[in-house]
Amino acid sequence: MTEEWSLAPGHVPSALMMVLFGLCVVVALVEAGFAFARRAATVPRRTALVVLALRLLAVAAIFAITFELTLRFDRVAPDTRRVVVLADRSASMAIPDAPDRETATTSRQARMEDAWAAAAEARAAWREDGLVVDVRGFDGATHPYSGEIAETLATRPDGAASDLAAAIASAADDGTHPGEQLAAVVVLSDGLVGGADEDAATKHLVDVAKRLGTPVTTVSLGAPILKDIAVADVRAGEFAFVENVAEFEATIIAHGLAGQPITVELRRNGEKVGESALRLRGDGVAQPVRFEVAPDRVGQFVYEIVVPPRDGEATLLNNSRAFVVKVLRDKVRVLHVAGRPDWDVRALRTILRRDPNVELLSYYILRGFDDIAREDTDALSLIPFPVEELFEQELGSFDLVILHNFDAVPHQVAQYVDNIAQFVEEGGALVLIGGDLGFSDGGYGTPAMQSLLPIDLRRPVSVDRVRFRPKLTEAGRRHPITGWLLAGDGRGWEALPELDTFNLVALADRSEALSATTLLAHPSAVDRQGRPRPLLAVSEPGRGRVVTLATGSTWRLGFAPDLTLVDGARPYDLLWLGVVRWLLRDDSSGRLQLETDKPRYREGERIELRAKTLTAAYAPEADVALTWRVLPLAAETAADADASASEPNPVRKGEWTTDDLGRAEVTLQELDAGAYAAVAVRAADDGSADSGESVHEARRVFIVEPPGRELARIDADPGIARLRELADATGGVFVDPLAGGVLPTDLPLGEPKEHSPSQGRVQARRELALWGGPGALVVLVLAFGAEWFLRRRHGGT
Amino acid sequence: MLRRMSAAAGWVAAGLAIPARARASAAPSDPAPWLLPEDVPAISIDLPQLRYDGHWAPRPGAMRVLARELRLRTRLEPVAEPTTVEADDDALFDTPFLYVAGDEGLPKLGRGGEARLRQFLDLGGLAVFDAADGGTDLAFTRSVEDLLSRISPASELGPVARDHVLFRSFYLVDAPVGRTSTVDHLLAIQEEGRIKALLMRNDMGGALAETADGRVAHPCVPGGAEQRQWAIRLGVNVLLYATCTDYKADRAHVETLLRARRWR
């Protein structure tokens, strides 16, 4: 222990003041020097020296006062040195492996604890040499160990990553151990630091360690023999498109199972959708497996690539890898067939053509049978109507079929009506629009088609030409196709133009079984049962959707004098955009939208769940009450498959009220690893139970990942080589416990840095303020006073 | 090219449809008594002509003839007697089509009339201006240009390209002839590919018009009867374009569209 003193300023004046002060000091000292040098012969030298000393003392006093000088006395202890021990706590340390096939497997964590216990003697020797042993655990971050854990290293290895480079770099940080020089680093690990590029990872690690300038001794805890199959990584896009082939590729790595056949499965929301057979090759050989899928519907899905577990596998946590794919609709393929050109066809074509997301294929019957023999056909631009190609061969390639005032019988389409029915059952969307031709020949009255339609078309239907304004039904008030009619001034159709044609249709007998709903009805016409005749009706047979419209005059909703706009949009556009979106189950058509900030999270990460509500005219809607819940996806899927099963218990739930911008959010924490579905529900506008999926419920899936990525590659060999290279590159020692190696008592240490007065550990400090109190001022006054007295006495100036 | 595309006009539809129709009418025991399309009164469309203070009908009956030809040649069902309408009349919006003829400068239609016409075009209507002078006088043409510059100031009147779908919406028409063939092009205001207003300078109405006893009212120069046929065909094309817009432009891509995607 030594004592060191120093002067410390308490105040530093501004630059200008410093200059002025300096000038004054210089003048005072120069003057004193001149006075001393040119003193009179009668002035004793001793007296002149005293006068000069008094001047210097006065200047010093002024200096002390101006800079508030403090005299510091530090008791400094010499620097100590420390050894940083980094113990791996990542998930790969739980892997059981063995040095050979005859030996039973042991977990790497257990091997680490044994190696640390075996190094007790060495650790004692380090302490005797004055080394401080600083024990830390590392995974994705570094964690200080103390007490029993520092003595035994007994922890649960579950870290999701192994960032050894960051841990080594942080070893130099002596913020918590000031004055303790880093002498050595000891790493106990399996060396698997993650990443597919082993060489790059090793190079980076060695570079970081070399910059530290300290020997790194490594203890290798992995062993070459293990049994495991892993889905090492997956390559899949975030998005896929309905009816477009999407490719998912995975890499399978196995150990100890060479030659064995396995079946790799692709699952969607827990259900198998594909499989691929594979014969495993040698240890650590990466084998690709590919799946091609063509999603059949839009939505967000959790896909999973799964390999079957084998007895005795080192870990099952890497037997599957899940990922979220959002399936979007590519361009919507719409087939628009019209029986006759007219203004209604024109209006619908215009709006469909305007939508860049619509791929429109149109066939309009431009000539009647009476017209055929009249013309020189070379002058015509017409082509035959490819009935078989459209309704037999290519029908399934469309998303939406619109039969617009189309008489199926004369054009040989009646024989394909059952194909159209099947198309709808299998998920297609169909619109039937009336007029003078469409419902007039009974062509849509086959049993197969009639079982899908909300209206009865078994008999030809006549057309009424009296102008009318339709009536919005209770269901229509809530439905996304017609709910917008209540927007604006709320007068509904009263503010809109009259229609001038109406096909006198009735609801189908099976309408209830189909969940058929009338959204708009004729204001006065009723069927034989007294029910209002439907103008716009919808049904949802099988996996498809159907809209029937018993008029060919909706074009008037977009072409009228002083046309009322609803939230800035033409009523015609709102009606037909709503029809198309509902038919195609467009997520964005929903008045309730739900999102998470990411599709995939690590365990412990915060999950942001956000909702947005829209009015019927798709403007933000404030003060909407919502409920939300988060369910395990497996439980939700099982409940969906079993109608008798009870609602699965949510792991989280709550309530929201949207803000002025129609938004609400919540942060979820501490969800266990797994796939989840978040669901938000809004009550109907009249407070009744939900009556339509897109209006009242929104759903999102997300994944909380287990540390599978850390376990993607668990082969110890690359880790062993890496640790050996790390030790060799830094002058440390490579210790292999499996070969009997133990940590050395004479650990390789780095060269100590030279001690300087400003370094070392200050054990105690004493301060004496030279400027405080009257002392300095008294010294100043006495010094100047005495100098003046002596000068006067000896006649000096 | 379009002619080649349509060369396979071996009327499969007709060939199949005629037996189908025969089957339908020869099947009295059918459980469902089918109504043939012609048994149900067709929903007609109007071809209204603008009525204004001036010589608004230089070719009387032209629209009646066009309506007849459309009924005979196409599946369109125009009314037998097209109506007339004034610019400031709400009835202007009964049909998104308007025929305007004249052989002298158009008079001012008044602020109300022009506002209605502007709304008519903006909401998707098609106005067809037909210069009865046949290209020999610019009074009507210039007045139409002035009118359009006021009611559709953001768009300019420009020539319609020869490959525009208007020339192949039903017939394959090479030249926009009318009673005359003086001007070899049509002028139009187009917006986002849609023709809002069309100016025909070769007197289409003159080619269509007939006397009371059904004879041609005005000989077509220089092509005579054949030129009249082409003028009628152009008129048919205009109405097929009015009702089907650019439908015929789809057809060029049909093969690609049909083979683009996988199955459901």
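These legends walk through a few views of a predicted complex. In this predicted model, local features need pLDDT of at least 70, side-chain atom pairs count only at pLDDT 80 or more, and totals for chains, interfaces and linings use all residues. Residues are numbered from 1 along each chain as its sequence is written, chains are lettered from A in the order in which they are written, and side-chain values use heavy atoms, with hydrogens and water left out.

**View 1. Chain A as a whole.** Chain A holds 17 helices and 37 strands (DSSP runs: helices are H or I, at least four residues; strands are E, at least two; numbered from the N terminus). Of its 797 residues, 51% count as buried (under 20% relative accessible area, 1.4 Å probe, protein chains only).

**View 2. A:Leu16 in helix α1.** Look for A:Leu16 in helix α1 (residues 15-37) of chain A. A:Leu16 counts as exposed because its relative accessibility is 58%, and exposed means over 50%.

**View 3. Confidence along chain B.** Among the elements of chain B, the lowest mean pLDDT, 34, belongs to helix α2 (residues 12-25), and the highest, 98, to strand β4 (residues 126-131). Where pLDDT is low, the predicted coordinates should not be read in detail.

**View 4. Scores for the complex.** The predictor gives an ipTM of 0.83 and a pTM of 0.59.

Terms used. pLDDT is the predictor's confidence in each residue, from 0 to 100.
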